[in-house]
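Reader: I would like to learn how to read aromatic contacts in a model. Please start with the terms and then turn to the case at hand.

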Amino acid sequence: MITVIGTGTGAPLTPDAKKALDGAALVVGARRHLEASGLPRTVERIVLGPLAPALDAIQEHLEKAEERRIVVLASGDPGFFGIVRVLAQRFGARRLDVRPGVSSVATAFARAGLPWDDAVVVSAHGRDLRTALNVCRAHPKVAVLTGPGSGPAELGAGLRSSGRVLVVATALGDPRRERIERVTPAEAASRGWGDAVNVVLCLDEKRTVAPLRTVAGPAPRPAGWALDEEAFAHRDSMITKFEVRALALARLGPRLGDLVWDIGAGSGSVAVECARLGAAVTAVEKTPDGVERIRANAAAHGVDVQVVHGAAPTVLSDLDDPDAVFIGGGGRELPAIVTACARRARRTVVVAMAALDRVPAAREALSGAGFDCDGVLLQSSRLAPLPGDVTRLAATNPVFLLWGARPPARAEGVSQ
């Protein structure tokens, strides 16, 4: 067995952990953990830096015939974004005896006086920062594990217009250096934070401490997706019908960590549904009443949608690059809008059109931007009642749905 001991966030080793260290033949850990463990000089130890030498040394010990105890010391909870994943992949989960400590995320929320059973946790350590930023934009309570180049300053710079509050937890568990600071994103972006940051909480304080839903509590959100049109406020049936929305969502593939644009958003039904599926969403709408309608629909469904008042493609230059784009409006500007969106989209662009005349130009714009293009004409008939307790078919307006997918060889990878 390999005993993995989580040291928590500065707490002394438990008697159980000390007992596991007694008689260890090999102890692996960061220098500070090894120095604090009180190991005899006769015990072989490996200071964690690059993982490969440590894993090879563990393998050599495991292959020896005699029983030899191996102990790995790790910060916090080693099964939570920690070394347990690597050890299990190399040696198998059944060979691990894990003794967890309190994670830095649990400690940070405790210091902030907040529950975290409804939080989303994302790591920016050695990963693309944009994923963490999009999660922070989409969810009211997020913990970000930071890393070099992905700390409070970089998070703050990307969240300036989000209305969020950042709780920066520095050197958790160190009685001399620990600090818990509440700052705005702009304040975080303007400061230097060094390398001692463990975790940053990103909070929408209007929704952070809302009670968990219970049977007697607020009505739950509608289940599923491609919701009925009645689930949204809209004007004169100017809304993407659920049959069209279902295929559009399937082609957009919104997910946690994504950024989706909804261009010509109208009622915002596509924007809201993408947000309900976990993505960060920016809705672009040129009419003032449409802007208010989108905000009202987002609030009604309990999601956060950034609404930009303006006309595409003019306003797109100020937005962060999206993973996916839905274009539901555009008129004569549609080819220019499709071209502008295709240049920026990392994965896919979906275009809905009622006018046959605009299909060739939209398709040419997608293909011209290097996308693999496909499409379909959607024409559905819904069941409708007639007098005499009988049913007829009521045809909906046909809609062309085109989508372009960026070939995988040229798509940017996003770490999850």
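Author: Buried means under 20% relative accessible area, exposed means over 50%, and partly exposed lies in between. The model here is predicted. Phe109 has a relative accessible area of 0%, so Phe109 is buried.

Reader: How is a pair of aromatic rings described?

Author: A pair of rings is described by the distance of the centres and the angle of the planes. Centres must lie within 6.5 Å, and planes under 30 degrees apart count as stacked, over 60 as edge-to-face. By this rule there are three aromatic pairs. In one of them, Phe80 and Trp116, the ring centres are 6.3 Å apart and the planes stand at 75°, so this pair is edge-to-face.

Reader: Where in the chain do Phe80 and Trp116 lie?

Author: Phe80 is in the loop between β4 (70-74) and α4 (84-91), and Trp116 is in the loop between α5 (104-112) and β6 (120-123). They are 36 residues apart, and the pair links distant parts of the chain.

Reader: Is Trp116 buried, exposed or partly exposed?

Author: Trp116 has a relative accessible area of 32%, so Trp116 is partly exposed. Phe80, at 26%, also counts as partly exposed.

Reader: How are the rings of Phe109 and Trp116 arranged, stacked or edge-to-face?

Author: Their planes are at 5° and their centres 6.1 Å apart, so the pair is stacked. Phe109 and Trp116 belong to one aromatic cluster with Phe80 and Phe81.

Reader: Which ring has Arg251 over it?

Author: The charged end of Arg251 sits over the ring of Trp403, 4.5 Å from the centre. Arg191 lies over the face of Trp193, 4.0 Å from the ring centre.

Methods. Residues are numbered from 1 along each chain as its sequence is written. This is a predicted model: local features need pLDDT of at least 70, side-chain atom pairs count only at pLDDT 80 or more; totals for chains, interfaces and linings use all residues. Side-chain values use heavy atoms; hydrogens and water are left out. Rings of Phe, Tyr and Trp (its six-membered ring) pair if their centres lie within 6.5 Å; planes under 30 degrees apart count as stacked, over 60 as edge-to-face and the rest as tilted. Helices (H or I, at least four residues) and strands (E, at least two) are DSSP runs, numbered from the N terminus. Buried means under 20% relative accessible area, exposed over 50%, partly exposed in between (1.4 Å probe, protein chains only). A charge sits over a ring if NZ of Lys or CZ of Arg is within 6 Å of the ring centre and within 35 degrees of the ring normal.
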